[in-house]
Amino acid sequence: MFTRFAHLTVRRRRRILLLTVAFLAVAGFIGTGVFERLRGGGFEDPSAESTQAARLLEDAFGQGDPNVVLLATAKGGNVDDPSVAQAAIELTERLGQEPGVAQALSYWTLGRPPPLKSEAGDKALVLARLEGSEAEVEERIAAISEAYTTAAGPLSVQVGGAAEVFRQIGETIEGDLARAESIAVPVTLVLLVVVFGSVVAASLPLAVGAVAVLGTFLTLYVLTAFTEVSIFSINLTTALGLGLAIDYSLFVVSRFREELRAGLEPHAAVVRTVETAGRTVAFSALTVAVSLSALLVFPMFFLRSFAYAGIAVVIVAAVASVVSLPSLLAVLGHNVDRGRLRRRRQAVPGQGWWHRVATFVMRRPVPIATAVIVVLLVLGSPFLGVRFGSADDRVLPAESTSRAVSEQLRRDFAANETEAFPVVAADAGAGADLAVKVGGYASALSRLDGAARVDALTGSYVDGALVAPSNPGSARFRGGEGTWLSVVPEVDAISPEGEELVSQIRSLEAPFEVAVGGSAAELVDSKEAILGRVPLAAGIVAVTTAVLLFLMFGSVLVPAKAIVLNLLSLTATFGAMVWVFQDGNASDLLDFTATGTLDTTTPILMFCIAFGLSMDYEVFLLSRIKEEYDRTGDNTASVATGLERTGRIVTTAAALLSVTFLAFSTSGVTIIKLFGLGLTMAVVMDATLIRATLVPAFMRLAGEANWWAPPFLRRLHRRFGLSETGPGPRRADGVTVAVPGVSTR
């Protein structure tokens, strides 16, 4: 299959290159418009009770959580001063008349309830809800933020709330993306020139990277017409697009130059390169895509978006590397070395550094493997203390204005009014007894640990007692045959105490059927949705990876070993996530705020991406080992030679990929910073420690059993396997080059 395909890339090389240029132009023209169509958020389960509560609240009552908060500070130090109150009432009325604002309430218009005033009495809140699509909300909150942030008059006003937080997250990510690219691209280009020793060869991975990134932008643009796509996925697109382009191009170009040095003519070298390195790249990309596809089993579009972006960028990068790049190499021929800065001294076979490392490890596999495994498990041990939470304003830099507002709400106010839990009863009934039912239920809710106050149709309740009767504003709690109640917490909503309050509310007997919403309820439901699907996602990754590796290598031990080693390589990464980003070690150095939890989606996301990249390097190495084994039949020598031939390439690719990920670690958004640092550690650990020690140790211990399969599976592999068959092209010395999957013994 790959032989015929390789000849096609040579025969149709100019046509393929013209189609690639046309695709790049279309993708650049249309795909860059995707930024306007991406969404923030996406951390909630659409089918969860909390999501249902939010939907009922909006559909049946026209209500919703306030997503705009104006923090008003009295310059005289007293928000109850008549002049301050008058200015605040006018401010509230003006905000309520803004386009898209469904309602605007404040401390002064609600009868001055104490929770809406700071404990010092110098600050109070104006709460509003913006309606519309996310794009409309983002546009309107930007205008509100600019118009209402002021220090004029008796009040100093700052704008915060969920709408402003998400707007600033998106704005920060866009700036971070530009900065990361400005760092990664020039540094990567310099390193590529150093690695390839040729300006022409060094430019090829960047060309493939441009195709991969812009092609994925186009794919995401099309997908936004059918589903929601998270803005966070853009970072994966850029980092993975450039990184995989470097990985695949380095592997392909290195093999092409190797075949030229071995005496093949350029076109024959391209054919041989596609048969070997191209085949490896294709199936390596397939394993990465399979790992990322596991994210599709989760209901949150935040996670699903990474699957969309990741699968798209892997496929486009692989196609560009296996189709467009070989066609370009066929055109360039020996000119691939034009602009050579230096002539690399060719290593003597069997004497390279990686060959010596593999030989050293295989002489003493048990003690070396044991020591490395112990180190990895110790580094991963902090993950045993992981605590899950959800992202909030603290993912933003400390100087962000919306975060500053949220910090003051947590510090200066007794209750978090913006984090109230809606308890919605869409079909509570009507009649005189409704007030009795609501009053008794609201009283019971207000006695729960962690509840500061309950607002309902019948008034406000604290510690089981009615503290304020119903007023004209209480009408918002009634709609048709339904009602809803607002439970204001005295604890942080995103905390174990907040989760416990949700559990108490849901377990409390109600006189009608209710659905509990709010950010804490979303966290509880998200945990349940994610953790409940982890076994399925892990099973998909394990089974499909094992099947692909079996089809490629015809072995049952190699897939099992690859999965185990990849899991071991991730232990240190997961331990570091907890030790640094949960517990806050090195937070000053890395400039982020630790909240004592990790976002629930992060470990899943990191696992799928890092596992796929680890398998990427595993396939690179195993394919070369198998090629040597099929040629010589010597397991130990094949492992040493395979590591010698790929060790430098894999390590170089990992170093270049790490540059891209490290550039994203400069982000001001904590999630992106964790993403960059975590994947850098995973890639470096896997490409060095795992490949240099555990792979040769395990393969030495297994010996000939590495390539064993029971008879019925061997028959299955002969029929459906992905190995090439038939003789390869001949070198100038007349020697037939071995083809993977065909023994020449």
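The model is predicted. Its largest nonpolar core has 159 residues. The salt bridge count comes to 29.

**Nonpolar cores**

- In the largest core, of 159 residues, F232, Y248 and V314 have the most contacts inside it.
- Helix α10, residues 301–332, gives the most to this core, with 18 residues.
- F232 touches residues from several stretches of the sequence. Leaving aside neighbours within four places in sequence, F232 is in contact with F43, I169, I173, F302, F306, V669, I671 and I672.
- Another core, of 34 residues, lies apart from the largest one. Among its members are L116, L127, A163 and V405.
- As general background, nonpolar side chains tend to be buried together in soluble globular proteins.

**Salt bridges around R691**

- The side chains of E618 and R691 meet in a salt bridge, at 2.1 Å from N to O.
- D686 is buried, as is R691.
- Elsewhere, salt bridges that share partners join R255, E258, E259, R272, E275, R624, E627 and R645 into one network.

**The E131–R129 pair**

- E131 and R129 form a salt bridge through their side chains, at 3.0 Å from N to O.
- R129 has a relative accessible area of 5%. That value is under 20%, so R129 counts as buried.
- E131 has a relative accessible area of 31%. That value lies between 20% and 50%, so E131 counts as partly exposed.

**T359**

- T359 is found in helix α11, which spans residues 353–363.
- T359 has a relative accessible area of 23%. The cut-off for buried is under 20%, so T359 counts as partly exposed.
- T359 and L206 are 153 residues apart along the chain. Their C-alpha atoms are separated by 35 Å.

How values were computed:
Residues are numbered from 1 along each chain as its sequence is written. This is a predicted model: local features need pLDDT of at least 70, side-chain atom pairs count only at pLDDT 80 or more; totals for chains, interfaces and linings use all residues. Side-chain values use heavy atoms; hydrogens and water are left out. Helices (H or I, at least four residues) and strands (E, at least two) are DSSP runs, numbered from the N terminus. Buried means under 20% relative accessible area, exposed over 50%, partly exposed in between (1.4 Å probe, protein chains only). A nonpolar core is a set of buried Ala, Val, Leu, Ile, Met, Phe, Trp, Tyr and Cys residues joined through side-chain atoms within 4.5 Å. Contact means heavy atoms within 4.5 Å. A salt bridge is a side-chain nitrogen of Lys or Arg within 4 Å of a carboxyl oxygen of Asp or Glu.
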